[in-house]
Amino acid sequence: MGKFIVFEGIDGAGKSTQAKLLGKWFEERGYEVVITKEPTDTAFGKLIRKLVLTGGDEGIIDGARISYEAEALLFAADRAEHVNKLIKPSLESGKVVISDRYFYSSLAYQWARGLDLDWLIDLNRFAIRPDLVILLDLPVKESMKRINDRSIENEFDRIFELQKKVRENYLKLVERFSEMKIVNAFEDVKTVHEQIVALVEALLT
Ligand code: TYD
């Protein structure tokens, strides 16, 4: 079995940058690496981008925005495909899988929407537990600054209060899921990478 590592954190925390750097680190050590993300680029991921993330008219069905429950189910459906078609087979062939977001995103974000945490955990019970979840933690003010330097991509990015709640939720989830480790993402890219490598080395020994 390979190793399964997940990056989590609010938008702008540096997940994709750090996922790439860690992928390179593994490759330099002879591992075969799969870097992936959620929402995925499959038909389900595209549906999520269309119905949930664009925020425009496409997410309106029969005059109302799609419900938060439907939103959670779409993310879970996308994840079921991700687990069964990519994550499990890759791990079984001994590869290192690095995912930018996983079910912890559903717990942190959809819980922030007001859904019940235990229902969300049950809904995602099919999703195999990673060996390590790196929570890139950052004050929301700083993440908003970073996001504003990029283009603002979706509704979640825009709402300060929601981001604050999501960050708090992530920190609460650390108490519930022992595989989650907090890394201070306020530091520069190299320092953050070094902290991550230390966690990964501990996992490999
Ligand atoms: P993001 O990482 O921004 O993807 P992309 O840049 O490819 O659009 O993820 C999109 C948003 O979806 C992000 O704000 C977090 C949110 N999200 C959830 O609310 N629940 C989930 O289960 C996942 C995976 C993401």
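Predicted model: local features only at pLDDT ≥ 70, side-chain atom pairs only at ≥ 80, totals over all residues.
User: Which residue of β5 stands opposite F7?
Analyst: Within β5, the residue opposite F7 is D100.

User: Which residue of β6 is the bridge partner of F7?
Analyst: Strand β1 also pairs with strand β6 (residues 132–137), in the parallel sense and over 4 bridges. In that strand, the bridge partner of F7 is I134.

User: How many of the residues of β1 are buried, and which lie on the side with I5?
Analyst: Strand β1 spans residues 4–8 and is mostly covered, with 5 of its 5 residues buried. In a regular strand, side chains alternate between the two faces of the sheet. Here F4, V6 and E8 are buried on one side. The count is therefore 5 of 5 under the cut-off of 20% relative accessible area, and the side with I5 holds I5 and F7.

User: Is α2 roughly parallel or roughly antiparallel to α3?
Analyst: Two packed helices are described by the angle between their axes and the distance between the axes. For helix α2 (residues 43–53) and helix α3 (residues 68–92), the angle is about 160 degrees and the axes are 9 Å apart. Because angles over 145 degrees count as roughly antiparallel, α2 is, relative to α3, roughly antiparallel.

User: What is the handedness of the crossing of α2 and α3, and how many charged residues does their contact have?
Analyst: The crossing of α2 past α3 is left-handed. From α2, the contact involves F44, G45, L47, I48, L51 and V52, and from α3 it involves E71, L74, F75, A77, D78 and E81. By class, the contact of α2 with α3 has 8 nonpolar residues and 1 polar residue, and its charged residues number 3.

User: Is α4 oblique or roughly antiparallel to α8?
Analyst: Helix α4 (residues 103–112) packs with helix α8 (residues 160–176) at an angle of about 130 degrees, the axes being 8 Å apart. Roughly antiparallel requires over 145 degrees and roughly perpendicular 65 to 115, so the remaining class applies. Relative to α8, helix α4 is therefore oblique.

User: How many nonpolar residues take part in the contact of α4 with α8?
Analyst: Helix α4 passes α8 in a right-handed crossing. Y104, S105, L107, A108, Y109, W111 and A112 of α4 meet L162, K165, V166, N169, Y170, K172 and L173 of α8. Of the residues in this contact, 2 are polar and 2 charged, and the nonpolar ones number 10.

Methods. Residues numbered from 1 in each chain as written. Heavy atoms only, no water. Axes fitted to C-alpha atoms, helices over the stretch in contact; angles between N-to-C directions. Helix = DSSP H or I, 4+ residues; strand = E, 2+ residues; numbered from the N terminus. Parallel < 35°, antiparallel > 145°, perpendicular 65-115°, else oblique. Left-handed = near helix turned anticlockwise from the far one by under 90°. Contact = heavy atoms within 4.5 Å. Nonpolar A, V, L, I, M, F, W, Y, C, P; charged D, E, K, R; others polar. Buried < 20%, exposed > 50% of the residue type's maximum accessible area, 1.4 Å probe, protein only. Pairing = 2+ DSSP bridges.
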